[in-house]
Amino acid sequence: MNRASFPWSRIGFVALVVVSLGLGCWGLILDTTHVPGRTWYDVVYHDLQLFVMGADPASDGGPLSWQLQVARFLAPGTAVYALFEAARALFTGEIRRFRERRARGHAIVVGQTDAADTVTAALESAGHRVLRTPDAAGLPAVGLTGATVLYACGDDTTDATANVLTVAEAEAAVRQAGSGPERLYAHVSDPDLGVALQARHLSCAEPGVDFFTLDVIAAQALAVREVRRLLDAPGGPAPVTHLVVVGSGEFAKALVVGLAREWELAADGLRLVVDLTADDADHVAGELRARWSPVAQRIELRAVPVLGAGTAAVPDTVYVCHASDGASLRVALTATKLWHGGPGSLVLLLDGLAGLTGAFGTDASRVLDNLDGRLRTVTTRDLLADVERVEARAHADMYERIARSVHHVYLRNQLERGVGWGEVPAMVRWEDLPDDLRASNRGWVVGLPARLSRMGATIAPRDGAAEVVFEGAELDRLAEAEHELWESVRVAQGWRTGPVRDDAARVHPMIGMPWSELPEANREKDRDVVRLLPEILAEFGLEVVRYETRTPELALEV
């Protein structure tokens, strides 16, 4: 027990009671010897009366022994202190709840699950205040109207929509009150359902609500970390990088997708080979290729049912992430064929066994050897803590992630046309993009449903069917809508038309110009965005679907 937790106040209170009783008893014995018929019962009774200032021998005044003089003041003081502590204990909870109901600028986490604990730890590690409630009924008590973000992380194993309903209730309460969290997130344990819910929400064009799966977010964070580590290695990245993912659970699948997406964004011209090792590797690999275009197009994914059967070469990194922590630990500690890489080349995911992460090492204080630095352990909580944000959020929402992908497609197309880095303000990485251009990309995502509705189309999870192709008059109609959207976002940001482009003065000659009068190069850029819409959505497991099969001419008449 440390000093901070030692109950000194309780020990001090007990000591005061004992001293008061002792001095009172001693003084009463000395000062009541002349009282006829006095018994020990009388002494004890009068001693206890000192605490309520009613002991007759001490109430009459006159010459008293110092022991009784001290006790007749000390005992009532002790009683008053006890009353004060009792009142404080009684009202502290009420005061705390009163303050929480009127709190401002905090995050709310709903639920009593591991996911709720993980999100709370990630937010608190970034310095944000977090208030918890077990269910939606407690939202008013934790200051819903003053919060900036809400995470619904209740148990959805028996009811997959439990957290979705919590967010819906919170959104209705915020709308009615006119204030509350600008962002509401619902944890969905089933990633496929999560993608389906994201598709339906994206079609509403209402930023601020999102659905996430903790394994997916953590795997994406690990992918970002690992791709940066591989590319920043001493001597630079190799022409071919070989990784192995052991497992076929949700984390393993999300890690493959995250590695493919990050590799395409950061490693131009470099080859990535990923071996997926699991009993059902063939089936899972096929699903990943069908659902996620980065997996099918940006990396070489190989199914390896038997561990170590893929190639004789030593992989750069092996990620052991079975759905069962016990299975992962067993593989990492018994499959010696995985121990031949360099420092940190064997990554072990421990979530339910997160307490073991501190047991591995080379110091004398460690319990388990980390294979001379080759073994690294990661946890979901640590991976979310890596996401540093000024806002009280544990991850980027879907709108921001798609906006980043839109910008990446723009960069790739402009580079193919010979436009160099930095020639125009938009020719920079997303991290260096000015805020107004980032807002333009987010506006593109928000305005997408309205543009798709012109064709009687919407967004849905990918199912491997043939992609929708835009061409002819339909392509031009959508490209014109792209120009109108770009113009409306710029005007809202304070831009105006002028003969010469001046970014500092926010002047652009294309503002106010009809699409038909734009230079062909500019119209082609708008067409490119439309042509690549299926590819942009495919990076997130989504696609465009039509409500009905119709010709482009009929679609344009809707």
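Predicted model: local features only at pLDDT ≥ 70, side-chain atom pairs only at ≥ 80, totals over all residues.
Visitor: Over how many bridges do strands β1 and β3 pair, and is the sense parallel or antiparallel?

Guide: Strand β1, residues 107–110, and strand β3, residues 149–152, are paired over 4 bridges, and the sense of the pairing is parallel.

Visitor: In what order do the strands of the open sheet lie, and which of them stand at the edges?

Guide: The sheet is an open one of 5 strands with parallel pairing, and its order reads β2-β1-β3-β4-β5. At the edges stand β2 (130–133) and β5 (209–212), and because each has a single partner strand, one side of each is left without a neighbour in the sheet. From one strand to the next, the twist averages 20°. Helix α6, residues 162–177, packs on this sheet and touches β1, β3, β4 (183–187) and β5, while its direction makes about 165° with that of β4.

Visitor: By what two quantities are two packed helices described?

Guide: The description of two packed helices uses the angle between their axes together with the distance between those axes. Here, helix α17 (residues 472–492) packs with helix α18 (residues 520–531) at an angle of about 110°, and their axes are 8 Å apart. Angles of 65 to 115 degrees count as roughly perpendicular, and α17 and α18 are therefore roughly perpendicular to each other.

Visitor: Which residues in α17 meet which residues in α18, and how many are nonpolar, polar or charged?

Guide: From α17 come L475, D476, L478, A479, E482 and H483, and they meet D526, R527, V529, V530 and R531 in α18. Sorted by class, the contact of α17 with α18 has 5 nonpolar residues, 1 polar residue and 5 charged residues.

Visitor: How should I read a salt bridge, and how many does the count come to?

Guide: The criterion is a side-chain nitrogen of Lys or Arg within 4 Å of a carboxyl oxygen of Asp or Glu, and by this rule the count comes to 18 salt bridges. One of them joins D275 to R302, with the closest N and O atoms 2.7 Å apart. This pair links distant parts of the chain, since D275 lies in strand β7 (residues 271–277) and R302 in strand β8 (residues 300–304), 27 residues apart.

Visitor: Is D275 buried or exposed, and what does R302 count as?

Guide: D275 has a relative accessibility of 3% and so counts as buried, whereas R302, at 27%, counts as partly exposed. Compare D372 and R374, whose closest N and O atoms are 4.0 Å apart: D372 counts as exposed because its relative accessibility is 60%, and R374 counts as partly exposed at 27%.

Visitor: What separates the closest N and O atoms of E524 and R531, and which residues do shared partners join into one network?

Guide: The closest N and O atoms in the salt bridge of E524 with R531 are 2.8 Å apart. E524 is partly exposed, with a relative accessible area of 21%, and R531 also counts as partly exposed, at 37% relative accessibility. Salt bridges with shared partners bring D476, E520, R523, E524, R527, D528 and R531 together in one network.

Visitor: How many helices and strands does the whole protein have?

Guide: The protein has 20 helices and 17 strands, and buried residues make up 47% of its 558 residues. Among contacts between residues at least 6 apart in sequence, 70% join residues at least 24 apart.

Key. Residues numbered from 1 in each chain as written. Heavy atoms only, no water. Axes fitted to C-alpha atoms, helices over the stretch in contact; angles between N-to-C directions. Helix = DSSP H or I, 4+ residues; strand = E, 2+ residues; numbered from the N terminus. Parallel < 35°, antiparallel > 145°, perpendicular 65-115°, else oblique. Contact = heavy atoms within 4.5 Å. Nonpolar A, V, L, I, M, F, W, Y, C, P; charged D, E, K, R; others polar. Buried < 20%, exposed > 50% of the residue type's maximum accessible area, 1.4 Å probe, protein only. Pairing = 2+ DSSP bridges.
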